[in-house]
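The sequence and the structure come before the discussion.

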Amino acid sequence: MSGRIWHPDAFDRPEQLNGMEKNRMLGHLGVEIVEIGDDFLRARMPVDHRTQQPFGLLHGGASAVLAESVGSWSSYLCTPPGEYQVLGLEINVSHLRPARSGYVYGTARPIRLGSMVHVWGIQVTDEEGALLSVSRLTTSLRRIRKSR
């Protein structure tokens with residue numbers, strides 16, 4: 001896909017999205033959206049006591065949270081604000097190598113943007129750009145019913 005994929009009225013600054021996550025799971029894990037490109041969304045997550053498993057490695061579930069979050073936010077940004085709920089249908093994550101410290105970065109790019117189903121490819125890398133995991137997320141868009 002080429003060109004800008006986001007809805008014209010969608011948020012265009014990471015700090016707008018980060019403010020919505022402050023007291024939710026992403027805020028508690030230290031996840032921050034750092035970049036919204038024309039066709040990708042990128043967030044970072046610290047590898048620390050909140051995101052490590054007992055042996056000091058990045059927890060696979062934390063990688064899945066990062067992947068699902070950047071994919072879900074990406075779907076949301078493709079829709080008219082306030083008109084759709086984005087619901088995760090399926091995620092798969094292949095863990096390729098570990099991380100012990102620093103930050104990891106999750107980048108979502110569209111595979112397919114249908115009218116009611118989106119499929120996203122997400123790569124999680126370390127600060128040097130080494131690929132740590134790859135994911136595919138399928139989201140469903142459900143129209144919000146307005147009360148009469």
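In which strand does Leu132 lie? Leu132 belongs to strand β6. The model described here is predicted.

## The sheet

The chain has an open sheet of 6 strands, in the order β1-β2-β4-β5-β6-β3, with antiparallel pairing. Its edges are β1, residues 32-36, and β3, residues 84-95, each of which pairs on one side only. From one strand to the next the twist averages 25°. Strands of a sheet pair through backbone hydrogen bonds, either parallel or antiparallel.

Several of the strand pairs can be described in detail. β2 and β4 are joined in the antiparallel sense by 6 bridges, and in this pair Arg44 stands opposite Tyr105 of β4. β4 and β5 run antiparallel and are joined by 9 bridges. Val104 has Asp126 of β5 opposite it, and a hairpin of 3 residues leads from β4 to β5. β5, residues 117-126, also pairs with β6, residues 131-143, in the antiparallel sense over 9 bridges. Here Gly121 faces Arg136 of β6.

## Helices across the sheet

Helix α1 spans residues 14-21 and lies across β1 and β2, at about 155° to β1. Helix α3 spans residues 60-77 and lies across β1, β2, β3, β4, β5 and β6. The angle between α3 and β3 is about 145°.

## The largest pocket

The largest pocket holds about 310 Å³ of space. Its lining consists of Met20, Glu21, Met25, Leu26, Glu68, Ser69, Ser72, Trp73, Tyr76 and Val86. The elements that give two or more residues to this lining are α1, α2 (25-29) and α3. Of the elements, α3 gives the most, with 5 residues.

Is Leu132 buried or exposed? Leu132 counts as buried because its relative accessibility is 3%, and the limit for a buried residue is under 20%. Beyond residues up to four places away in sequence, Leu132 touches Ser94, His95, Leu96, Arg97, Pro98, Ala99, Val104, Val124, Thr125 and Asp126.

Leu132 and Ile36 are 96 residues apart in sequence, and their C-alpha atoms are 21 Å apart in space.

## His118 in β5

His118 lies in strand β5 and is buried, because its relative accessibility is 3%. Which side chain forms a polar contact of 2.9 Å with that of His118? The partner is Ser75. A polar atom of the His118 side chain also lies 3.3 Å from the backbone oxygen of Gly114.

Not counting residues up to four places away in sequence, His118 touches Ser75, Cys78, Arg112, Leu113, Leu137, Thr138, Thr139 and Leu141.

## Trp6 before α1

Trp6 sits in the segment before α1. With a relative accessible area of 6%, Trp6 is buried. Its side chain has a polar atom 2.6 Å from the backbone oxygen of Gly37. Asp38 is 32 residues from Trp6 along the chain, yet the C-alpha atoms of the two are separated by 7.4 Å.

Leaving aside neighbours within four places in sequence, Trp6 is in contact with Ile36, Gly37, Asp38, Asp39, Phe40, Leu41, Ser74, Leu77, Cys78 and Trp120. Cys78 is also among the residues that His118 touches.

## Thr51 in the loop between β2 and α3

Thr51 is found in the loop between β2 and α3. Thr51 counts as buried because its relative accessibility is 1%. Which backbone oxygen lies 2.6 Å from a polar atom of the side chain of Thr51? This oxygen belongs to Pro46.

Definitions and conventions:
Residues are numbered from 1 along each chain as its sequence is written. This is a predicted model: local features need pLDDT of at least 70, side-chain atom pairs count only at pLDDT 80 or more; totals for chains, interfaces and linings use all residues. Side-chain values use heavy atoms; hydrogens and water are left out. Two strands pair if DSSP finds at least two bridges between them. Helices (H or I, at least four residues) and strands (E, at least two) are DSSP runs, numbered from the N terminus. Axes are lines fitted to C-alpha atoms, for helices over the stretch in contact, and angles run from 0 to 180 degrees between N-to-C directions. Contact means heavy atoms within 4.5 Å. Buried means under 20% relative accessible area, exposed over 50%, partly exposed in between (1.4 Å probe, protein chains only). A polar contact is a pair of N or O atoms within 3.5 Å; within protein, one must be able to donate a hydrogen and the other to accept it, and residues adjacent in sequence count only if both atoms are side-chain atoms. On a 1 Å grid over the protein atoms alone, a cavity is a set of points where a 1.4 Å probe fits but cannot get out, and a pocket is an open set with protein on both sides within 12 Å along at least five of seven lines; lining residues have an atom within 4 Å of a point. Grid points are joined across faces, edges and corners, and a volume is the space filled by probe spheres set on the points.
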